[in-house]
Amino acid sequence: MSYDLGKITETLIQGKVDQLTELTQSAIDSNAEPAKILNEGLLPGMDTVGEKWKNGEMFMPEVLRCAKAMSKSMDILRPKLSEGELGSAGTLVIGTVAGDLHDIGKDLVGMMFEGAGYKVINIGIDQPNENFVNAAIEHKPDVLGMSALLTTTMPRMGEVINSLKEAGIRDQVTVMVGGAPVTEEYAQEIGADLYGANASTAVDVSRDYFEKAKN
Ligand code: B1M
């Protein structure tokens, strides 16, 4: 049996969910290294999807299909990847703030981070402030991400940041905020480190931040 990582990349970019799942499973059955399938098959595909979306060559429904295809393949790979392989780029904890049930954008952000090599812990929707703080303590993520889609729930993000300060761990985690009503100015006002305008730029902003921090 043989496998073709280029075909995996191409099929992901085309958003063919079932075909990508089959190709991923067949690569596993052919004894391909799971990390190789991820790093040389799926991740380059997700990078291209992010680029195409940013350049206006792809639209939201297509991106969502690609993200779904990626996610299904990750379901096959995840149990076979070691901790180190899965989170080679870092860890993201992400959730939607209390009182807010919107999850499509948050999940897309999570999937794009996963596509960029992050281990992603998605704590879900309508998460009380303390759940973000507890998740930051438990998982020690590189990035703690909060999503809010309602003007009425945006203030929860600043409250979580204050709770992180009170817990004495504010300087141990990079906070990213995003969601349709959230702006760069608002992110600064509440003391977040990073603002993600959309799922693709969220990954870029985070990469740039950690690159700069290294130098
Ligand atoms: Co709601 N809703 N909704 N809704 N809903 C909006 C947000 C609204 C703008 C619609 C409108 O009136 N035009 C409006 C908010 C107004 C405001 O506060 N300014 C609104 C309202 C009012 C409500 C209810 C109050 C309606 C009601 O019941 N009267 C209610 C509230 C429920 C609650 O949360 N407590 C409600 C309910 C719902 C549904 C449950 C029906 C459904 C959600 C389903 C779900 O998520 N599973 C829903 C939907 C679908 C929408 C709209 C139509 C679409 C949201 C969406 O999924 N967009 C939305 C109108 C709109 O935005 N056009 C609307 C696609 C998604 C990919 O984009 O979520 O923006 P988005 O995410 C982007 C970026 O924002 C960014 O990246 C994502 C990908 O590019 N991003 C981040 C998001 N989080 C990020 C985090 C980051 C970084 C980037 O770092 C951590």
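These legends describe close-up views of a predicted model. Local features need pLDDT of at least 70 and side-chain atom pairs count only at pLDDT 80 or more, while totals for chains, interfaces and linings use all residues. Residues are numbered from 1 along each chain as its sequence is written, and side-chain values use heavy atoms, with hydrogens and water left out.

**View 1. Cobalt atom of the ligand and H102.** The protein supplies a single donor to the cobalt atom, NE2 of H102, at 2.2 Å. Donors are N, O and S atoms within 2.8 Å of the metal (3.2 Å for Na, K and Ca); water is not among the atoms, so the site may look incomplete. H102 sits in the loop between β1 (90-97) and α6 (104-115). Helices (H or I, at least four residues) and strands (E, at least two) are DSSP runs numbered from the N terminus.

View 2. Polar contacts are pairs of N or O atoms within 3.5 Å. A polar side-chain atom of D103 is 2.7 Å from a ligand nitrogen atom. A polar backbone atom of G99 lies 2.9 Å from a nitrogen atom of the ligand, and one of A180 lies 3.2 Å from a ligand oxygen atom.

**View 3. Shell around the ligand.** The ligand is surrounded by 26 residues, each with a heavy atom within 4 Å of the ligand. The closest are L101, H102, D103, S147 and T151. α6 gives the most, with four residues. By class, the shell has 14 nonpolar, 10 polar and two charged residues.

**View 4. Helices α3 and α4.** The axes of α3 (residues 34-54) and α4 (residues 60-77) come within 11 Å and cross at roughly 170°. The two helices are therefore roughly antiparallel (angle over 145 degrees).

Terms used. A polar contact is a pair of N or O atoms within 3.5 Å; within protein, one must be able to donate a hydrogen and the other to accept it, and residues adjacent in sequence count only if both atoms are side-chain atoms. Ala, Val, Leu, Ile, Met, Phe, Trp, Tyr, Cys and Pro count as nonpolar, Asp, Glu, Lys and Arg as charged, and the others, Gly among them, as polar. Axes are lines fitted to C-alpha atoms, for helices over the stretch in contact, and angles run from 0 to 180 degrees between N-to-C directions. Angles under 35 degrees count as roughly parallel, over 145 as roughly antiparallel, 65 to 115 as roughly perpendicular and the rest as oblique.
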